[in-house]
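Work through the exercises below with the sequence and the model in view. Each task is followed by a solution in steps.

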Amino acid sequence: MTFLVTILGSNSAIPAYGRHHTAQYVQVKNQKYLVDCGEAAQNQLMRYKLSSLKLNAIFISHLHGDHYLGLVGLLSSMHLQGRTKPLYLYGPRGLKEIIITHFKSSDTVLKYKLIFTPTNAQEPTLIFEDKHIKVTTIPLDHRIDCTGFLFREKPHPIRFNKTKLPPNLSLANIASLKKGEDILDDNGKLLYKNKALTLPPWPQRSYAYCSDTRYMASLKNQLKKVDLLYHEATFLNENELRASNTYHSTAGQAAQLAKEAKAKKLLLGHFSARYKDLKPFEDEARKVFKESYLALEGTTFEVG
Ligand SMILES: [Zn+2]
Ligand SMILES: [Zn+2]
């Protein structure tokens with residue numbers, strides 16, 4: 001099943017060196033989600049040929065401009081393009097007021113239903129669920145309320161081992177196999193063991209998006225064994241004090257969390273405009289956690 005993360009923006013505060021504000025496009029099977037929506041998100045979606053009209057939900061981590069300044073523009077475009085499909089939006093409470101003020105001032109009534117749910121930055125909360133995934137907030141340590149988002153697949157069904165399946169199975173037999181049951185004859189005698197005809201379900205994959213935050217050792221519990229971890233790395237270790245004072249993290253700290261959480265892979269992003277060359281971020285992180293990569297714009301990462 002498709003589970004992809006495309007980086008649309010990876011810079012913090014000020015766009016620099018061709019890098020844009022934070023935004024990511026997450027695809028799970030045929031469902032599409034946007035995580036944060038920095039200033040250029042709409043243009044970046046077009047550049048990488050990703051449809052905004054297909055978006056099911058948008059998740060905004062916090063109300064610093066580099067994470068949401070592209071949102072009103074994107075919502076407006078979907079309105080102008082005739083979107084009618086409802087759109088789910090999750091973010092801090094104040095986001096609703098910002099959107100209402102804008103559309104009230106421009107005398108715009110959106111052609112589609114925008115369903116807003118405020119996030120809670122105090123404790124992990126299940127905020128979204130569909131056929132394939134659940135999304136839970138990750139409370140972070142930032143100057144204002146800020147949450148990350150943990151996308152986790154729902155359990156997959158048992159898989160049939162097609163090379164082993166006998167041709168004469170009834171629909172009732174197949175239903176039993178799906179439930180993990182053995183197949184019995186009319187007298188209750190065992191015909192086939194479930195395990196002889198099936199394979200274990202695919203593992204439940206997960207993606208954690210950790211937006212702006214200080215290093216939080218405690219996150220290792222919620223993020224335990226996550227397949228793909230995106231964690232902000234605004235600075236390098238040489239600026240650790242500055243990172244802490246501004247409620248941000250270093251590449252080394254992001255790697256430390258990935259290591260302690262036993263993540264499979266780490267993506268570093270939210271780079272400060274003070275750095276032109278990003279290679280030192282990867283180098284610093286890899287000294288602690290080998291599977292560290294830069295969240296470069298236009299790159300798509302597969303989860304799991
Ligand atoms: Zn930021
Ligand atoms: Zn911020």
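**Exercise 1.** In which sense do strand β5 and β6 pair, and over how many bridges?

Solution. The model is a predicted one, in which local features need pLDDT of at least 70, side-chain atom pairs count only at pLDDT 80 or more, and totals for chains, interfaces and linings use all residues. Residues are numbered from 1 along each chain as its sequence is written, while chains are lettered from A and ligands numbered from 1 in the order in which they are written.
Step 1: find strand β5 at residues 87-91; strands (E, at least two residues) and helices (H or I, at least four) are DSSP runs, numbered from the N terminus.
Step 2: pairing requires that DSSP finds at least two bridges between two strands. β5 and β6 have five bridges, and their sense is parallel.
Step 3: take one bridge as an example. Leucine 89 has phenylalanine 116 of β6 as its bridge partner.

**Exercise 2.** Which strands stand at the edges of the sheet?

Solution. Step 1: write down the strand order, which is β6-β5-β4-β3-β2-β1-β18. These seven strands form an open sheet with mixed pairing.
Step 1: look at the ends. β6 and β18 (300-302) each have a single partner strand, so one side of each lacks a neighbour in the sheet.

**Exercise 3.** List the buried residues of helix α2 and say why they are on the same side of α2.

Solution. Step 1: apply the cut-offs. A residue is buried if 20 or more other C-beta atoms lie within 10 Å of its own, exposed if 12 or fewer, and partly exposed in between, with C-beta atoms placed from the backbone.
Step 1: go through residues 71-80, the span of α2; the buried ones are Leu71, Leu74, Leu75 and Met78.
Step 2: they cover an arc of only 100° around the axis, which puts them on the same side of α2. The arc is that of the directions from the helix axis to the C-beta atoms. As background, an α-helix has 3.6 residues a turn, so residues three or four places apart point the same way.
Step 3: name the packing partners. The buried residues of α2 pack against β3 (31-37), α1 (41-47), α3 (94-105) and β6 (114-118).
Step 4: see what comes after the helix. Glycine 82 follows α2 and has a positive phi, near 80°.

**Exercise 4.** Where is lysine 225 found, and is lysine 262 buried or exposed?

Solution. Step 1: lysine 225 is in the loop between α6 (219-222) and β15 (228-232). Its phi is positive, about 60°, although lysine 225 is not a glycine.
Step 1: lysine 225 has 10 C-beta neighbours inside 10 Å and therefore counts as exposed.
Step 2: lysine 262 lies in the loop between α8 (251-260) and β16 (265-269), and its phi is also positive, near 60°. With 11 C-beta neighbours inside 10 Å, lysine 262 counts as exposed.
Step 3: for context, most residues other than glycine have a negative phi.

**Exercise 5.** How far apart are the C-alpha centres of domain 1 and domain 2?

Solution. Step 1: domain 1 covers 3-156 + 202-302, and domain 2 covers 162-199; these bounds come from an automatic or database domain assignment.
Step 1: the two centres lie 44 Å apart.

Technical notes: Contact = placed C-beta atoms within 7 Å.
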